[in-house]
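Hello,

Here is the structure I promised to pass on. Please open it first, then read my notes below.

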Amino acid sequence: MSNWISYWSDKTSPLHAEDNPNFYHDLAREVLYHCGNLSGKRVLELGCGDGALFEFLGIDSAKYTGVDFSPALLSKFRNRHGEMDLHQEDLLGFLEKCEGEYDIIFSYGVLQYLSPGDVTAMFNMQRRLLGGGGKCVHLGIPVSEMRGVFHSGLGSSEAIGGARRSLLKKVKSWITSRIGYWHDIPLLFEESKAAGFDTRVVSNIYYLYRVNIIQSI
Ligand SMILES: C[S@@+](CC[C@H](N)C(=O)[O-])C[C@H]1O[C@@H](n2cnc3c(N)ncnc32)[C@H](O)[C@@H]1O
């Protein structure tokens with residue numbers, strides 16, 4: 001895990017496929033599709049980065065809490081929203097000691113930096129923080145079932161049509177890409193159920209090799 005802290009410590013963008021407002025607006029629409037209207041809701045975002053999605057989610061600043069261990073990304077977020085409740089720390093440590101109650105807990109593109117054991121710990125800790133009728137939504141989880149799709153160059157809906165990767169490029173991609181953990185869909189599902197959630201695993205709209213997990217109580 002410390003490996004990922006140093007990896008993210010000096011990044012100046014969340015390293016999505018694109019880095020522009022239109023793109024983040026589209027990703028945010030998928031968050032809202034699964035979370036519902038976030039206005040008036042108490043929201044906890046795990047791995048919030050520089051708040052690229054926040055601008056498009058319609059969340060009340062006073063009801064938002066963001067956690068991220070990257071000082072560089074969090075300081076960008078603070079520069080735009082100094083008034084908000086932002087925590088620079090590991091999300092597992094935050095969850096462990098958090099006393100708050102939330103309607104929605106979500107993340108986008110974060111679970112790949114947690115081992116399967118840490119994901120299980122996270123599922124159990126977040127359950128404790130949910131108010132009645134609350135929901136957890138984790139989007140953009142790379143899954144081992146779709147790993148070959150990623151290495152073939154068919155990683156996003158935009159890549160389809162253009163991608164024809166040579167064997168050399170495919171092999172290079174297996175060796176060099178820094179995705180983090182490729183999780184297993186059945187394991188995610190079972191661990192989520194064991195933590196007490198009604199669970200759905202659905203495809204991610206933009207990243208074809210990723211899924212979203214929707215957890216309700
Ligand atoms: C791909 S970026 C996504 C950022 C943001 N969710 C977004 O979609 O714009 C992944 C983020 O997760 C954060 N992160 C990864 N593991 C973390 C952990 N264990 N605790 C806190 N933050 C973490 C990184 O610092 C980084 O900001």
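**What I found**

Buried residues make up 36% of the 217 residues in the chain. Buried means that 20 or more other C-beta atoms lie within 10 Å of the residue's own; exposed means 12 or fewer; partly exposed is in between; C-beta atoms are placed from the backbone. This is a predicted model, in which local features need pLDDT of at least 70, side-chain atom pairs count only at pLDDT 80 or more, and totals for chains, interfaces and linings use all residues. Residues are numbered from 1 along each chain as its sequence is written.

**Overall fold**

The chain has 8 helices and 7 strands. These are DSSP runs, numbered from the N terminus: helices are H or I with at least four residues, strands are E with at least two. Take contacts between residues at least 6 apart in sequence: 67% of them join residues at least 24 apart. A contact means C-beta atoms, placed from the backbone, within 7 Å.

**Around strand S2**

Of its 5 residues, 4 are buried. S2 runs parallel to S1 (residues 43–46), joined by 4 bridges. Strands pair if DSSP finds at least two bridges between them. Here Glu45 stands opposite Gly66. S2 also runs parallel to S3 (residues 85–88), again with 4 bridges. Asp68 stands opposite Gln88 there. S2, helix H3 (residues 71–80) and S3 form a right-handed β-α-β unit. Right-handed means that, with the strands pointing away from the viewer, the path from the first strand over the helix to the second runs clockwise.

**The core**

The largest nonpolar core holds 51 residues. Such a core is a set of buried Ala, Val, Leu, Ile, Met, Phe, Trp, Tyr and Cys residues joined through C-beta atoms within 7 Å. Val31 is among those with the most contacts inside it. Leaving out residues up to four places away in sequence, Val31 touches Leu53, Leu57, Phe106, Tyr108 and Leu139.

**His25**

His25 lies in helix H2 (residues 21–35). His25 counts as exposed because it has 12 C-beta neighbours inside 10 Å. Its C-alpha atom is 8.5 Å from that of Leu57, 32 residues apart along the chain.

Best wishes

Key. Two residues are in contact if their C-beta atoms, placed from the backbone, lie within 7 Å.
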